[in-house]
Amino acid sequence: MSSTIEHKMLSVRGTEIAVALQGPEGSSAVLLSHSILAAGMMWDAQGWRVINMDTCGHGASKASPAPYTMDGLVDDAVAVLDALGVAKAHFVGLSLSGMIGFGLGVRHASRLLSLCR
């Protein structure tokens, strides 16, 4: 299933996070987050309303000011959802982003439709 991919830079928490959006607006969203030293393009063409986020300092996203913490990366994911007006999303994370998913589950479970690590 092919659909147009919309690329955006979102200003969140003092830096810019690159996201790629795909699929119909208003449908259930899936926030995909990549492993360390990778970029969001690994998740291209999934057939859902995909929010494909480059983690801070990876891919096209800029690095935020130090210090760097897992809580900060979790806050970035929530800020991306907020910036896009998404109340709840499925979350899929790999490696580093699996840890982000754990943080979302612990600190922001009400924002998740499901969590896959």
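The exercises below, with worked solutions, concern a predicted model of one protein chain.

**Exercise 1. Determine how many helices and strands the protein chain has, and in what order they run.**

Step 1. Counting the elements gives two helices and six strands.
Step 2. Reading from the N terminus on, the order is β-β-β-β-α-β-α-β.

**Exercise 2. Compare the radius of gyration of the protein chain with that of a compact globule of 117 residues.**

Step 1. For 117 residues, the value for a compact globule would be near 13 Å.
Step 2. The protein chain has 13 Å, which agrees.
Step 3. For the extents, take the principal axes: along them the C-alpha trace spans about 40 × 30 × 25 Å.

**Exercise 3. Describe the surface and the charges of the protein chain.**

Step 1. The accessible surface comes to about 6,100 Å², and carbon and sulfur atoms hold 58% of that area.
Step 2. Among the 117 residues, 46% count as buried.
Step 3. There are 8 positive and 9 negative charges, and their mean positions lie 5 Å apart.

**Exercise 4. Locate T55, and find out whether T55 is buried or exposed and which residues T55 is in contact with.**

Step 1. T55 sits in the loop that lies between β4 (49-53) and α1 (70-83).
Step 2. Its relative accessible area is 1%, so T55 is buried.
Step 3. Setting aside neighbours within four places in sequence, the contacts of T55 are S33, H34, S61, L73, L96, S97 and I100.

**Exercise 5. Carry out the corresponding analysis for L115.**

Step 1. L115 belongs to strand β6, which covers residues 112-116.
Step 2. With 41% relative accessibility, L115 is partly exposed.
Step 3. Beyond neighbours within four places in sequence, L115 is in contact with F91, G101 and G105.
Step 4. As a distance check, take G98, which is 17 residues from L115 along the chain: the C-alpha atoms of the pair are separated by 9.2 Å.

Note on methods: Residues numbered from 1 in each chain as written. Predicted model: local features only at pLDDT ≥ 70, side-chain atom pairs only at ≥ 80, totals over all residues. Heavy atoms only, no water. Helix = DSSP H or I, 4+ residues; strand = E, 2+ residues; numbered from the N terminus. Rg over C-alpha atoms; globule rule 2.2 N^0.38 Å. Buried < 20%, exposed > 50% of the residue type's maximum accessible area, 1.4 Å probe, protein only. Areas by Shrake-Rupley, 256 points an atom, 1.4 Å probe, with all protein chains shown as cover. Lys, Arg positive; Asp, Glu negative; His and termini not counted. Charge placed at Lys NZ, Arg CZ, Asp CG, Glu CD. Contact = heavy atoms within 4.5 Å.
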